[in-house]
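Visitor: Please take a close look at a single part of this structure. I would like one connected account.

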Amino acid sequence: MKSPAFEYIRAESVAGAMSAYAAAGDDVVYLAGGHSVVPSLALRLQAPALMIDLSEIAALSGISFQDGWLRIGAMTRHVQAINDPLIAAQAPLFAAAAPFVAHPAIRNRGTLGGSLAHADPASEFPAAAVAMRVELEIASPKGTRRVPADEFFLDIYETAIEPGEILLAIHVPSPVAGQVIGFDEIVRRQGDYAMVGAAVQAVAKDGVLEDISIALFSVGNRPTRAVAAQAALMGRVIDDASIADAKAALGDDLDPPDDLQFPATMRLHLARVLLGRILANLEAVA
Amino acid sequence: MKTDITLTINGDAVREAVEPRTSLADLLRDNLQLTGTHLGCEMGACGACLVMLDGAPVHACLVLAVQASGHKVETIEGLNERGLIKDLQEKFHDRNALQCGFCTNGMLMSAQALLLDNPTPSRPEIREALSGNYCRCTGYEAIVDAISATAKMRSGQAGEAS
């Protein structure tokens, strides 16, 4: 299917993009990699009057290490999350999540910032961002601010980014000693949207969990931090008993909807199976 | 309103005026008669429209022609005329790795990109590389055979795939 007509501006700077947005009013869409936006146009789910292309803005690119945080430019492509050694070392959950995102050709074009700003509750990178406790740097005409991932994802396709604002970069805190990660999803066909997925980051000292961060996706209207499951694991070793307690606690964390694919009870069951699987693998390395 | 774009397609400088909503695939097919780039789903699922953009396979249906301005595009016609995929094409033929052929150009794009990146892929790696390419008639086994055989030939191993 073909997109409806729109006007197009290729922005050369963040400030230029924001002023073009302000001048045009609200009927504007920013374009990053375009691999969510363009299909939505083709399906006529949206029909903006103006598209502002951010992809040639140099300030949105680049991956660098600053003051204990990895700064990942919003325009970083999914494939870079697989190949970049800094991301592998400093943002390992992004590297672990990337191979689960769609297919190679999509990953050549889709961007990390675009995925996070789009906030599809079934997508992988938002959950990885929550589990890694990243901070999202957002530019507005009034200046920039950093929003923690836990406060960034608000609802389906809705984030803390206000109309006209631009996601500049993703800041990932450096891994600490003893950190381990796990990422997996249950999917009918590789590359499709997950029936349920989870990103887990933990810090183990002498086998005991001092910190654990769990985010699930495809279980609700946004990536969901599993607070009760985290609490069930805190200060314990990973073993059959603690894994069973974490799986049980997920019932307090998740309230998945019934949908056309399967009932909520099945989604909760799959989430428990998946979390148990990831934690059992963590046990081997923690 | 139409926008002027300039880009390199199969080594040739191209200047066109396009509507912003025109996809790269429609530019190739409708404006330039490069109809080897096929359109199946037009939403990035089937892989029939894959082209190389700055050397990496992308869905021409999901890239706006205006976004490709200033960049290099190579289509199946370019790969074919430069003889870069002759061995792949021959192995697809040998292995009956196509029936109707609609998906084949996209399959060749994915295969060529894979083999440049990983000259000795395993069969699971070939399947992963093809995970965004749909084939609705011949099935995938013969296609994996053809790519595996090409990999072995290019890397100097025996010409026959296991």
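Guide: Leaving aside neighbours within four places in sequence, Ala98(A) is in contact with His78(A), Ala81(A), Ile82(A), Arg107(A) and Phe125(A), contact meaning heavy atoms within 4.5 Å. This is a predicted model, in which local features need pLDDT of at least 70, side-chain atom pairs count only at pLDDT 80 or more, and totals for chains, interfaces and linings use all residues. Residues are numbered from 1 along each chain as its sequence is written, chains are lettered from A and ligands numbered from 1 in the order in which they are written, and side-chain values use heavy atoms, with hydrogens and water left out.

Ala98(A) sits in the loop between helix 5 (92-97) and helix 6 (104-107) of chain A; helices (H or I, at least four residues) and strands (E, at least two) are DSSP runs, numbered from the N terminus. Ala98(A) counts as buried because its relative accessibility is 0%; buried means under 20% relative accessible area, exposed over 50%, and partly exposed in between (1.4 Å probe, protein chains only). His78(A) is 20 residues away along the chain, with 6.2 Å between its C-alpha atom and that of Ala98(A).

Five aromatic pairs are counted over all chains: rings of Phe, Tyr and Trp (its six-membered ring) pair if their centres lie within 6.5 Å, and planes under 30 degrees apart count as stacked, over 60 as edge-to-face and the rest as tilted. Phe100(A) and Phe183(A) form a tilted pair, because their ring centres are 5.3 Å apart and their planes are at 45 degrees. Phe100(A) is in the loop between helix 5 and helix 6, and Phe183(A) is in strand 11 (residues 179-186), 83 residues apart. Phe100(A) is partly exposed at 25% relative accessibility, whereas Phe183(A) is buried at 11%. Together with Phe217(A), Phe100(A) and Phe183(A) form one aromatic cluster.
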